[in-house]
Amino acid sequence: MPTEHTPWSDAVDKKASDIHAVTGLPLMFRIDGELQPASAKPLTSAQVTALIKQFLSDKQLKKFDESKDIDCSHLTADGTRYRINCHVVGGQPAFAARIIPRDIPTPEELLLPPVILDLAKSRDGLILFTGPTGSGKSTSMASILQELLKSQPLNIITLEDPIEFLLPPGTGIVQQRELGSDFDTFPDGLKHVLRQDPDVVMIGEMRDLDSISLALTMAETGHLVFGTLHTPNTVQSIDRIIDVFPAHQQAQVRMQLSMSLTAVVGQRLLPKIGGGRVANREILVRTPAVSSIIRDHRLAELESVIQTGGAEGMVTFEKDLKRLVKEGLTKDEE
């Protein structure tokens, strides 16, 4: 595919994070968190369909025709990867494409707190990244995994929907598996992971009881597990995990979490002064006090523990925002 005068190359040139193509509307790019028109004329159904045919295989096109919704990844001729969702609006085709940077940012570039890297190097437990879609969860996890691979010969297995960043194996093994082509469902993919001798497992999304239960079991058995949840903050993430289970299992789940949860990192992206975006984070680290609170179902007390847990690396969104403003990275009104 030519690399000039295409939505793909134009979006990369303008440093967009997302491309939106909806029949009847102009092509849109999201730049620094804001939607901006990338074309003057509305797209026709034929134009959107032509773009979709650039990245869907015949098999995927058939599935899209049947289900009206499909996720996939796409690699353009210039080496840029995209995470794409094709869907139907008013009977007409549309898609949203997330641009995956070619290079995985370093923890320093992402301003990841050292406590998260230190906890990841312990190589066991469950580390959750939470936040809305587009808050940088996958980027943060890829950055940490890349850092681990620089110094340790690990067997890292990821289950993703779809694969985003391509991890360099370093001196270890990286097996990145994609939903639909390499496994049918997250629970199916996770059931056999422990037989594949992993050191680290990354789950693209913990979206149901089975995948959450299997993730907890892996973390309990001495593996380092990364996962994501679409929850707004750290406390609600723990609540969400517990509430997924039937009432008669929740006491056992609280016990599992109290022992296997390593940390929860909540993220949201804010406009960065000078262009781009910067992550505002909330961090909960498991301490004896946190374990006791989770086990005894006193989650309302976690907020105060985060506020007073600075020595252990904990921070609230509000306190982290004040730091970002003080360091001149974002504006106070954000």
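A salt bridge is taken here as a side-chain nitrogen of Lys or Arg within 4 Å of a carboxyl oxygen of Asp or Glu. The structure is a predicted model, in which local features need pLDDT of at least 70 and side-chain atom pairs count only at pLDDT 80 or more, while totals for chains, interfaces and linings use all residues. Residues are numbered from 1 along each chain as its sequence is written, and side-chain values use heavy atoms, with hydrogens and water left out.

By this rule the model holds 12 salt bridges. One of them joins the side chains of Glu-164 and Arg-83, with 2.7 Å from N to O. Helices (H or I, at least four residues) and strands (E, at least two) are DSSP runs numbered from the N terminus, and the pair links distant parts of the chain, since Glu-164 lies in the loop between β8 (155-160) and β9 (173-178) and Arg-83 in strand β5 (residues 81-89), 81 residues apart. For accessibility, buried means under 20% relative accessible area, exposed over 50%, and partly exposed in between, with a 1.4 Å probe and protein chains only; Glu-164, at 8%, therefore counts as buried. A salt bridge also connects Asp-296 with Arg-298, whose closest N and O atoms are 3.4 Å apart; here Asp-296 is partly exposed at 42%, and Arg-298 is partly exposed at 29%.

Most residues other than glycine have a negative phi, and most peptide bonds are trans. Lys-15, although not a glycine, has a positive phi of about 60°; Lys-15 is placed in the loop between α1 (7-13) and β1 (18-22) and is exposed, with a relative accessible area of 70%. Asp-32, likewise not a glycine, has a positive phi of about 50°, and lies in the loop between β2 (28-31) and β3 (34-37), where Asp-32 is partly exposed at 33%.

A nonpolar core is defined as a set of buried Ala, Val, Leu, Ile, Met, Phe, Trp, Tyr and Cys residues joined through side-chain atoms within 4.5 Å. The largest such core has 66 residues, and those with the most contacts inside it are Ile-144, Ile-203, Phe-226 and Ile-238. Helix α6 (residues 137-151) gives the largest share of this core, six residues. With contact meaning heavy atoms within 4.5 Å, and with neighbours within four places in sequence left aside, Ile-144 is in contact with Leu-112, Ile-116, Leu-117, Ala-120, Phe-129 and Phe-226. Another core, of 24 residues, lies apart from the largest one and includes Ala-11, Leu-56, Ile-84 and Ile-99.

In helix α11 (residues 288-295), the residues Val-290, Ser-291, Ser-292, Ile-293 and Ile-294 are buried. The buried residues of α11 pack against α9 (234-244), α10 (250-260), β12 (261-271), β13 (277-285) and α12 (302-307). After α11 comes His-297, whose phi is positive, near 60°.
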